[in-house]
Amino acid sequence: CERVTDRTDWDVRKFYISATNLCKNALMENWDDLKFVLAVSRAGGLNGAARALGVNHSTVSRRIATLETSMGVRLFDRLPRGLRATDAGEAAIRVAEEVERRVMDLSLAIAARDSALAGSIRVTVPPLIVQAHLADVFAAFTDQYPQVELTVLATNETLNLHQREADVAIRVSDTPDETLFGRRVMAQNSCYYVSKGYLEAHRQALETRNTAFALDYIGFIWWGDLPPEEIAGHFPAARISAKFDDMVAAHAAVRAGLGATRMPCFLGDSDPKLRRLPGFAPQPYLGIWVLTQTHLQQVQRIRLFMSYVSNALEERGTLYRGELSPGQV
C-alpha cells in the first residue's frame, strides 16, 4: 500500500488508510470482496457482474456495500444507467487488478512446472469443428492418454486464456492474440453450397447463370439485407430467403432446401446432402490456429495435446482447403 501522505483527495486518502489496514489485518479475507468490485467495474452494473460471477444481483450489492462500510468510503456512484467508480473505487479497482494479475501469474508459474502426462486440459473450440472432426480426435487422444482429463468448451466466444478460462484454444481467425503461443495449423477455404434437391430442381437456371432466376440466398443477420456482391453479380434477381445468427443453423437451412449460402469447405464438402453452387470456386477463409498461454507452452501434456490436434487437422488439410477432384464436387 502507498503512503497516505502522497494522496491529496480525502476520499482516496481514506481508502488508502483502509487499504493499509487491510494489508496489515485482512487482505486475503477481503480479496473476495475486491473480486466483486472488479466484476462491477468490468460489467458496468450489478446484473452484469452477477452473471459474470455466477451469483445473484443481491449478493453483488451486499458484498459491495459491506466493503464500502468496512473501508468507510463510497466505491461506486449509483446512476440511472448503472454504476460509476468514484476516485476511491478506481483505486480499489487498480488494487484488485494487480492482485488478480499476481494470483494469475502464480497459478501459471505453478502450472508451467507440471511435467506429468496426467491432469486436466481445458480446450475451447468452435462447435462446428468439434462436430465435423475433433470429437473423434479428442476420443482417440483420451484413449491413448487416459490419465489426461479433457474438458471441451464448445463455443464461438473468444475465451480469455490469460485468465485461465481455457488452457488451449483452437480458433478460426486471421488475427489471433499475438501474446499467445502457437501457430496457424492450416489455411482453409469456403464456397457456396445448396442442397442436392435444390440443385436438381433449378439445375438449368443455375448452370446457365440465368439472370432472371431468383436464387434463394441464406444470409447472416450481421451481413445486411442483400445477397453478397458475388452472388448478385451472377444472379441479379437473387433474394434473401432467411437470415441466421449461427453457421450450424444456416447449414441446417441449406440441407432443408431453403437456398444457397457460403460455408467452410470442410463442412459443405463433407455433407452428402449438399453440393457446390455451379460455377463458384473456393475462396480464402479464416485460418485455423492452435494456441495456449505462453506460461503453459512447456507443460508436457499441453504440448502433446497441441501437437496431436495439429497433426490430426493437417491430415484433413485437403478437405479444409476444398481440394476436391472434379468428380467429387
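Which side chain does Asp 271 meet in a salt bridge? In this predicted model, the partner of Asp 271 is Arg 255, and the N to O distance of the salt bridge is 2.6 Å. The two residues belong to distant parts of the chain, 16 residues apart, with Arg 255 in helix H10 (residues 247-255) and Asp 271 in the loop that runs between helix H11 (265-268) and strand S10 (274-276). Asp 271 counts as buried because its relative accessibility is 7%, which falls under the cut-off of 20%. Arg 255, by contrast, has a relative accessibility of 35% and therefore counts as partly exposed. Elsewhere, salt bridges with shared partners join Glu 200, Arg 203 and Glu 207 into one network.

Over the whole structure, a search finds eleven salt bridges. As background to such pairs, side chains of opposite charge can pair when their charged atoms come close. One of the salt bridges is formed by Glu 68 and Arg 78, whose closest N and O atoms lie 3.2 Å apart. This pair, too, links distant parts of the chain, since Glu 68 lies in helix H4 (residues 57-71) and Arg 78 in strand S1 (residues 76-79), ten residues apart. Glu 68 is classed as buried because its relative accessibility is 12%, whereas Arg 78, at 48% relative accessibility, is classed as partly exposed. Another salt bridge joins Asp 77 to Arg 74, with 2.7 Å between the closest N and O atoms, and Arg 74 has a relative accessible area of 48%, so this residue is partly exposed.

The second topic is the packing of two helices. Helix H6 (residues 127-144) and helix H12 (residues 300-315) pack with their axes 11 Å apart and at an angle of about 140°. The crossing of the two helices, H6 and H12, is right-handed. On the H6 side, the residues in contact are Leu 134, Val 137, Phe 138, Ala 140, Phe 141 and Gln 144, and these meet Leu 304, Phe 305, Tyr 308, Val 309, Ala 312 and Leu 313 in H12.

Technical notes: Residues numbered from 1 in each chain as written. Predicted model: local features only at pLDDT ≥ 70, side-chain atom pairs only at ≥ 80, totals over all residues. Heavy atoms only, no water. Axes fitted to C-alpha atoms, helices over the stretch in contact; angles between N-to-C directions. Helix = DSSP H or I, 4+ residues; strand = E, 2+ residues; numbered from the N terminus. Left-handed = near helix turned anticlockwise from the far one by under 90°. Contact = heavy atoms within 4.5 Å. Salt bridge = Lys/Arg side-chain N within 4 Å of Asp/Glu carboxyl O. Buried < 20%, exposed > 50% of the residue type's maximum accessible area, 1.4 Å probe, protein only.
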